[in-house]
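Dear colleague,

Please find below the structure that I am handing over to you.

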Amino acid sequence: MKSVARLLALSITLSAQSSWGAMRLSQDGRGEVLTYPFYSALGDDVTELTVSNNSGFVKGLAVKVREGLRGDVGLAWNVYLGPYDDFIFHIWKDPNGDGAVIKPASSESTCTVPSFDGYPQGVSMRNFEWQGDSFSGVERSLAGYAEVFELGQWDPFIGNKGPAAARGASGSTSDCSLLVDAWSTIAGLDGDWLADKTSEALSWSGGALSGGASLSISSQLLE
């Protein structure tokens, strides 16, 4: 038996008309920054996190999963959500190790950079940021929290990058390689986003992100 707990992400809206320090909690559950207050990969626990784009733009997002002791980053990547697209990923214990593993849902085709393709068992969280601590093991990644920050918006029909992200979200994962290349150096040449992070981006129109989480708690922790 497992108990399933459901959590909503805390949504924060930043004010584009004032300093970056000005922010407020969203009143409708949508915003530009999402905080998922807890995940667990302890025992047989599995945490499912969802990020949703409730707009007609392509959204570029930075995802950071942090361990719970000090908030150090264990894994980070970018997600490119097509219009009205969801990105779903799971966190559970590495069956071959001591730390947590992150893996997109099996049905997921949304573009990520770096790509999760080629990692059928998921990608293990890293202890790079805390390896010098007295408690430096990857087991610190078994519980923590996650953050999502909006990076920019792209038109899903104009240019190259926005349409590639939209096609990827629709199942054409081969189009995601264009976004990976934009962050790569190939034959000595920097990709578009390495050279200019605003390449093809629209004027800022942030917000409309929402999220949630489900935590399946192992029965041994309930007894």
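Which element gives the most to the lining of the second largest pocket? Strand β12 does, with four residues. Before the details, two remarks on how to read this message are in order. The model is predicted, so local features need pLDDT of at least 70 and side-chain atom pairs count only at pLDDT 80 or more, whereas totals for chains, interfaces and linings use all residues. Residues are numbered from 1 along each chain as its sequence is written, and side-chain values use heavy atoms, with hydrogens and water left out.

**The chain as a whole**

The secondary structure comprises three helices and 15 strands. Here helices (H or I, at least four residues) and strands (E, at least two) are DSSP runs, numbered from the N terminus. Of the 223 residues in the chain, 46% are buried; buried means under 20% relative accessible area, exposed over 50%, and partly exposed in between (1.4 Å probe, protein chains only). Among contacts between residues at least 6 apart in sequence, 69% join residues at least 24 apart, a contact being heavy atoms within 4.5 Å. The accessible surface of the chain is about 11200 Å², and 53% of it belongs to carbon and sulfur atoms. Such areas come from the Shrake-Rupley method with a 1.4 Å probe; for residues, only the protein chains shown count as cover.

**The two pockets**

Rolling a probe the size of a water molecule over the atoms shows where empty space is left. On a 1 Å grid over the protein atoms alone, a cavity is a set of points where a 1.4 Å probe fits but cannot get out, and a pocket is an open set with protein on both sides within 12 Å along at least five of seven lines; lining residues have an atom within 4 Å of a point. Grid points are joined across faces, edges and corners, and a volume is the space filled by probe spheres set on the points.

The largest pocket has a volume of about 310 Å³. Its lining consists of 20 residues, and Pro104, Glu108, Ser115, Phe116 and Asp117 lie nearest its centre. Strands β9 (100-104) and β10 (111-113) and helix α2 (176-182) each supply at least two lining residues, with α2 giving the most, three. The lining divides into nine nonpolar, eight polar and three charged residues. In this division Ala, Val, Leu, Ile, Met, Phe, Trp, Tyr, Cys and Pro count as nonpolar, Asp, Glu, Lys and Arg as charged, and the others, Gly among them, as polar.

The second largest pocket has a volume of about 210 Å³. It is lined by 13 residues, of which Leu151, Gly152, Trp154, Lys197 and Thr198 lie nearest its centre. Two or more of the lining residues come from each of β7 (73-81) and β12 (143-154). By class, this lining has eight nonpolar, four polar and one charged residues.

**The disulfide**

One disulfide (a pair of cysteine sulfur atoms within 2.5 Å) is found in the whole structure. It joins Cys111 to Cys176, with an S to S distance of 2.0 Å. Cys111 lies in strand β10 and Cys176 in helix α2, so the pair ties together parts that are 65 residues apart in sequence. The torsion about the S-S bond is about -80°, so the disulfide is left-handed. Both Cys111 and Cys176 are buried.

**Helix α1 and Val58**

In helix α1 (residues 161-169), seven of the nine residues are buried, including Lys161, Gly162 and Pro163. The buried residues of α1 pack against β6 (58-67), β7, β10, β12, α2 and α3 (192-195). Just after the helix, Gly171 takes a positive phi of about 120°.

Val58 lies in strand β6 and counts as buried, at 1% relative accessibility. Among the residues that Val58 touches are Gly162, Ala165 and Ala166. The C-alpha atoms of Val58 and Gly162 are separated by 5.9 Å, although the two residues are 104 apart along the chain.

**Backbone details in the loops**

A cis peptide bond, with omega of about -5°, joins Val113 and Pro114; Pro114 lies in the loop between β10 and β11. Tyr84, in the loop between β7 and β8 (86-93), has a positive phi near 55° without being a glycine. Tyr84 counts as exposed, at 61% relative accessibility. Ala208 is likewise not a glycine and has a positive phi of about 70°; Ala208 is partly exposed, with a relative accessible area of 23%.

Yours sincerely

Technical notes: Lists of a residue's contacts leave out its neighbours within four places in sequence.
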